[in-house]
Amino acid sequence: MPRQLGELEDTVMTRVWQWNRPVTVREVLEDLQQERSIAYTTVMTVMDNLHQKGWVRREVDGRAYRYTAVSTRAAYSAALMNEAWSQSDNPAAALVAFFGMMSAEQREALRDAMRVVVPTFAEPSESRPDDGTTADEAPPESGR
């Protein structure tokens, strides 16, 4: 399971993900220096750490390396959510709490994702009662 990236690791990976091409330490350094004072060796160490952790692969290019992301930001986020959820002693309650924190836009994104992943789950059918039987198999409701 992936560990959450540190602040500087996340900052560097964000650039690698956004640029979506092989990058050098120098390119990342020059971009970071627009926001903060940072040394070449610091960026080089972070990128080497990201390589050792399996977040980027690297290829030799002259006397330098070019680094490429191994997976996407979305895959990283999904792995973190899965890890956090699996740590819960009550996964259903954790999901309910998580859904309660979502904005309207996030809930709509969840609905869209569920339509892609599990079409029948995202949009319940009237021919399928909650107990898993079909409408033809469902027992008649009593008392009505």
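**Entry 1: a question to start**

Which residues does Leu110 touch, not counting residues up to four places away in sequence? I looked this up and found Phe99 and Met102. Contact here means heavy atoms within 4.5 Å. Leu110 itself lies in helix H6 (residues 104-117). Helices (H or I, at least four residues) and strands (E, at least two) are DSSP runs, numbered from the N terminus. I also noted that Leu110 and Phe99 are eleven residues apart in sequence and 9.3 Å apart in space, C-alpha to C-alpha. With a relative accessible area of 29%, Leu110 is partly exposed.

**Entry 2: what I am looking at**

This is a predicted model, in which local features need pLDDT of at least 70 and side-chain atom pairs count only at pLDDT 80 or more, while totals for chains, interfaces and linings use all residues. Residues are numbered from 1 along each chain as its sequence is written, and side-chain values use heavy atoms, with hydrogens and water left out.

**Entry 3: the whole chain**

I counted up the secondary structure and got seven helices and two strands. Along the sequence they follow the pattern α-α-α-β-β-α-α-α-α. The chain has 144 residues, and buried ones make up 18% of them. I then took the contacts between residues at least 6 apart in sequence, and 42% of these join residues at least 24 apart.

**Entry 4: H1 against H3**

Two packed helices are described by the angle between their axes and the distance between the axes. I looked up both values for helix H1 (residues 7-19) and H3: the axes come within 10 Å and cross at roughly 80°. That makes H1 roughly perpendicular to H3. Axes are lines fitted to C-alpha atoms, for helices over the stretch in contact, and angles run from 0 to 180 degrees between N-to-C directions. Angles under 35 degrees count as roughly parallel, over 145 as roughly antiparallel, 65 to 115 as roughly perpendicular and the rest as oblique.

Which residues meet here? From H1 I listed Leu8, Glu9, Val12, Met13 and Val16, and from H3 Thr42, Val46, Met47, Asn49 and Leu50. The residues of this contact divide into seven nonpolar, two polar and one charged. The classes are: Ala, Val, Leu, Ile, Met, Phe, Trp, Tyr, Cys and Pro nonpolar; Asp, Glu, Lys and Arg charged; the others, Gly among them, polar.

Is Val16 buried or exposed? Val16, in helix H1, is buried, with a relative accessible area of 2%. Leaving out residues up to four places away in sequence, Val16 touches Arg21, Val23, Met47, Val56, Thr68 and Ala69. Val16 and Val56 are 40 residues apart in sequence, yet 8.8 Å apart in space, C-alpha to C-alpha.

I followed that list to Ala69, which lies in strand E2 (residues 64-69). Ala69 is buried too, at 18% relative accessible area.

**Entry 5: aromatic rings**

How many aromatic pairs does a search of the whole structure find? I got four. Rings of Phe, Tyr and Trp (its six-membered ring) pair if their centres lie within 6.5 Å; planes under 30 degrees apart count as stacked, over 60 as edge-to-face and the rest as tilted. One of the pairs is Trp55 with Tyr76: the ring centres are 5.1 Å apart and the planes are at 85°, so this pair is edge-to-face. It links distant parts of the chain, with Trp55 in the loop between helix H3 (40-52) and strand E1 (56-61) and Tyr76 in helix H4 (residues 73-86), 21 residues apart. Trp55 is buried at 12% relative accessibility, and Tyr76 is buried at 4%. Together with Trp17, these two form one aromatic cluster.

Another pair is Phe98 with Phe99, whose centres are 6.2 Å apart and whose planes are at 50°, so I wrote it down as tilted. Phe98 is partly exposed at 38%, as is Phe99 at 34%.

**Entry 6: a loop residue**

Last, I checked Asn20, in the loop between H1 and helix H2 (25-32). Its phi is near 50°, a positive value in a residue other than glycine. Asn20 counts as exposed, at 67% relative accessibility.

Terms used: Buried < 20%, exposed > 50% of the residue type's maximum accessible area, 1.4 Å probe, protein only.
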